[in-house]
Structure formats: C-alpha cells, structure tokens
Amino acid sequence: MSPAVRHVVPVDPRHAEGVVAEVYRQVKAELGVLGPALTMFSPAPELLAPVWSLLRESLLVGGPAERKAKEVVATVVAVRNGCRFCTDAHVTMLHAAGEPELAEGLRTGVAPPEWAALADWAAAPTAEGPFPAEAAPRFIGTALVFELLTRLLKVLAVNEAPSPVLATRLGRSVGSRMVRQAVAAELEAGASLPLLEERPQWARGTAVREPAWAAGTPVGRAYGAVRSMAAYGSMLLSDAAVEAVARTVGAHGTDLADRVPDLAGGRGLPREAALGARLAVGAALAPGAVADADVASWRGEVFTDHCVVHLLTFGAMTAVDAVQDEIETRNVDA
C-alpha cells in the first residue's frame, strides 16, 4: 500500500475522467505503477498533466541504458533531499535495471567508481555532463523533476517507502520484478505532449517559455508548461507575499533545511498572506518542516484542494527554477 496523500484528496483512479484519467492510464502503462508522486497533483489536472509529461519525457524516454543512468540521477537527488519515497522507489528501479549493488550503494550515498562522475553531476548539475549532448535535456529534466517531486512528496505525502516491502533490500529486489518490463521499454518521445493542450478556460492562452537547455524538445515544452501552470499559485498570495517568497528563496539558496526560514521582507504582511508565503517557502526550502496545522489554518473554509496543490507547487517551483538557473550559469569547467 502506498503512503497516504495528505492535505488534499486525490482523484480515485476508479472515478477519474478527462485528462486525469488519461494521465493515470499512461502512468500505469509506462511507469508501471501509479502512486502519490502523481496522484497528489490530481486535484489540479492542469498541473498533473505537465508534471507527468516532464517526468515521462525526461526519465522514461531514451532507451534502457539511458534510463538506468537517469535512475542514478533520480536516486542521488532523492537521497540528498531526504525523500524516502523517491529513494526506495528509484533504488527499486535500479534493481529492475539489473544493478542491485549500484542501487544499494547509492541509497547509502556511495556511488561505485564507474558511476561516480554521473552521481557527482546529479548533486550539482551543469548544462553539460557525462552523457551525450543530445541527451542533456532529458538528464537535466530528470534532475529538475525530482527536485520538484521530492519537495512536494515531503509535504503532501507521508515520507516513507512506497510500500513496506520496499523498505528492505530483499523487498526491493523482489518488488523490482513488477517494473522490469517498464524499465526496459523503448518509448516514443513526445507522446505525452497532447495532454498539455487540455487546460481549463482560465489558463488558455498562457505563454509557455521553454528553457534554453531544452528549447525545441519535448522536455523543454513540458518544463515550460509546469512552470507556467505552477505560477498560478502566486495568485493565491498578495504581491508583497510573492515578493517575500522570492526574496527568502533567493537569500537561502536551494539546499533543503530542517526548519522553515523566516520570511525576508515579510514584516507587515497580514496574517493570512504571511502564512501562505510561509507555506510556499516551506515547500521550497524545508518541506519536511511544513506543519499540518499551518496548511489547515491557511486553507480554512475558503481554499480548496486545488488551491493547496497550486500554492505548494508554486513554492516548490520557486526553488526548482533557482536550481535551473544554477544549471544555466554554473561553469562546467570549474
């Protein structure tokens, strides 16, 4: 049984309709399992579709050998960010790819010598890396989508293994048999992009800005869509609160902390605005420290599950975009 989604009620697969049903279908067919990493977005289908598209076009496309390497990237990000769900999920995927020693080594923060360069890259990504140049958008996209998912899983789901079985090495080995076929699949690039056209009326016509590192690729289209849809979460805050979020993330960098930092320039904000800004900053910088009571207090009787997902995704994407900026500017020769 997967860990429970918190704070929002995900769409039940048995009752899913429209874009949610189609995303769920693709996830089960191509990823091999549907769990909270994606169902937590389902109260906001316009976010669910691009997040799935970014995950698919980055991690799943490229063939089995590339998929194995990108599972290394996903695992390194998950371990660094303290997401037990993603750590055990992707360690299991590496078992399925025939790399049990690599999998278990990465789980403890140790990469075998032949994988050390890629593990180091995953810890501090650059525009170039130990992979073919044509694959760079998929590798960078993998790093960024897990910067997003690890943060939001720590807020919106119980931070534990996807199943109690996967909490042990033997269980991960056995569980990997269920996803071997999916890990070995050859998937066509771009098959998720039609999902991005299914937007609510209020979001139609929104410009999608593709990042330079993936311009003209399915990964770039998906990342731009995630960024544009996540930005709607800022509309739940005042301009001053949005500025406080940006200043705070800018001042503290992108490494995760054990406590939510004080808001930079947040003095004078009304209580509700300050609480919303603090939740957004928590999703960005200290997702494990976001208090249940603060989420409940902010939403009150006014905000819906849709609003909660958008606010937290906006906050998390503030940090993810900062990581993306570091990738674009970091000196690859340093």
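**A close look at the annotated span**

Reply: Helices (H or I, at least four residues) and strands (E, at least two) are DSSP runs, numbered from the N terminus. The model is a predicted one, in which local features need pLDDT of at least 70 and side-chain atom pairs count only at pLDDT 80 or more, while totals for chains, interfaces and linings use all residues. Residues are numbered from 1 along each chain as its sequence is written, and side-chain values use heavy atoms, with hydrogens and water left out.

The UniProt record, an unreviewed entry, annotates residues 52-123 as "domain: Carboxymuconolactone decarboxylase-like"; its positions follow the numbering used here, its feature names are shortened, and annotations may be inferred rather than shown by experiment.

Helix α3 (45-60) and helix α4 (residues 64-80) pack at an angle of about 120°, with their axes 9 Å apart. Axes are lines fitted to C-alpha atoms, for helices over the stretch in contact, and angles run from 0 to 180 degrees between N-to-C directions. Ser58, Leu59 and Leu60 of α3 meet Arg67, Lys70 and Glu71 of α4, where contact means heavy atoms within 4.5 Å. These residues comprise two nonpolar, one polar and three charged. Here Ala, Val, Leu, Ile, Met, Phe, Trp, Tyr, Cys and Pro count as nonpolar, Asp, Glu, Lys and Arg as charged, and the others, Gly among them, as polar.

Helix α3 also contributes to the lining of the largest pocket, as do α2 (36-39), α5 (84-96) and α8 (136-156), each with at least two residues. On a 1 Å grid over the protein atoms alone, a pocket is an open set of points with protein on both sides within 12 Å along at least five of seven lines, a cavity is a set where a 1.4 Å probe fits but cannot get out, and lining residues have an atom within 4 Å of a point. The largest pocket has a volume of about 580 Å³, that is, the space filled by probe spheres set on grid points joined across faces, edges and corners. Of its 26 lining residues, Val33, Ala89, Met93, Pro162 and Leu166 are the closest to the centre. The largest share, six residues, comes from α5. The lining holds 19 nonpolar and seven polar residues, and no charged ones.

The largest cavity holds about 40 Å³ of space, and α3 gives the largest share of its lining, three residues. That lining divides into six nonpolar, no polar and three charged residues.
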